[in-house]
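Have the sequence and the 3D view open as you read.

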Amino acid sequence: MTQDCIFCRIAAGDIPARKVYEDDAIVAFHDLEPQAPVHVLIIPRRHLSTLLEASADDAKLLGALQFRAIEIARELGLESSGFRLVTNCLAGAGQSVFHIHLHLLGGRKFSWPPG
Ligand code: AMP
């Protein structure tokens, strides 16, 4: 746990969030400023600032995050309409919270390429 990391503090329960899932490795909660009718963030409890910090040892965790996102997408009714999974890596790609997270977005039409 990194004391000054907002997502570490949400995972620890120190800061409130609308959680939709948690286990010993992963926490998922609704984004505070949703960009779509469904906007859930899926994070590891372990603090990794960016995807670039992940090592081969983290491959299983990264897969588990993606699999959890798919399960949550199903639970939130996105199975037919579809959904988008996004991870921004570094500020240039739009990352603003430096604790890795997957955005699960759904419930509206998305364009490509992303802005
Ligand atoms: P990114 O810009 O890709 O790093 O995504 C960070 C996301 O975290 C943004 O969509 C924010 O709206 C969201 N966010 C920031 N603080 C909180 C919070 N306390 N609870 C829920 N979502 C948050």
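The side chain of Asn-88 places an N or O atom 2.8 Å from an oxygen atom of the ligand; do keep in mind that this model is predicted.

| Residue | Part of the residue (N or O atom) | Ligand atom | Distance |
|---|---|---|---|
| Asn-88 | side chain | oxygen | 2.8 Å |
| Leu-32 | backbone | nitrogen | 3.1 Å |
| Ser-96 | side chain | oxygen | 2.7 Å |

How much of the ligand does the protein bury? On its own the ligand exposes 500 Å², and 86% of that is buried by the protein.

Now widen the view to the shell. The ligand is surrounded by 17 residues, and the closest are Asp-31, Asn-88, Gly-94, Ser-96 and His-103. By type, the shell holds seven nonpolar, eight polar and two charged residues. Two or more shell residues come from each of α1 (6-12), β2 (26-30) and β3 (38-44), and α1 gives the most, with three.

Where does the ligand sit? You will find it in the largest pocket, whose volume is about 840 Å³. This pocket has a lining of 32 residues, with Asp-31, Gln-35, His-39, Leu-41 and His-103 nearest its centre. The lining divides into 16 nonpolar, eleven polar and five charged residues.

As for the elements behind the lining, α1, β2, β3, β4 (83-86) and β5 (102-106) each supply at least two residues. The largest share again belongs to α1, which provides three residues of the lining.

Definitions and conventions: Residues are numbered from 1 along each chain as its sequence is written. This is a predicted model: local features need pLDDT of at least 70, side-chain atom pairs count only at pLDDT 80 or more; totals for chains, interfaces and linings use all residues. Side-chain values use heavy atoms; hydrogens and water are left out. A residue is near a molecule or strand if one of its heavy atoms lies within 4 Å of it. A polar contact is a pair of N or O atoms within 3.5 Å; within protein, one must be able to donate a hydrogen and the other to accept it, and residues adjacent in sequence count only if both atoms are side-chain atoms. Accessible areas come from the Shrake-Rupley method with a 1.4 Å probe; for residues, only the protein chains shown count as cover. On a 1 Å grid over the protein atoms alone, a cavity is a set of points where a 1.4 Å probe fits but cannot get out, and a pocket is an open set with protein on both sides within 12 Å along at least five of seven lines; lining residues have an atom within 4 Å of a point. A molecule sits in a cavity or pocket if more than half of its atoms lie within 2 Å of its grid points. Helices (H or I, at least four residues) and strands (E, at least two) are DSSP runs, numbered from the N terminus. Ala, Val, Leu, Ile, Met, Phe, Trp, Tyr, Cys and Pro count as nonpolar, Asp, Glu, Lys and Arg as charged, and the others, Gly among them, as polar. Grid points are joined across faces, edges and corners, and a volume is the space filled by probe spheres set on the points.
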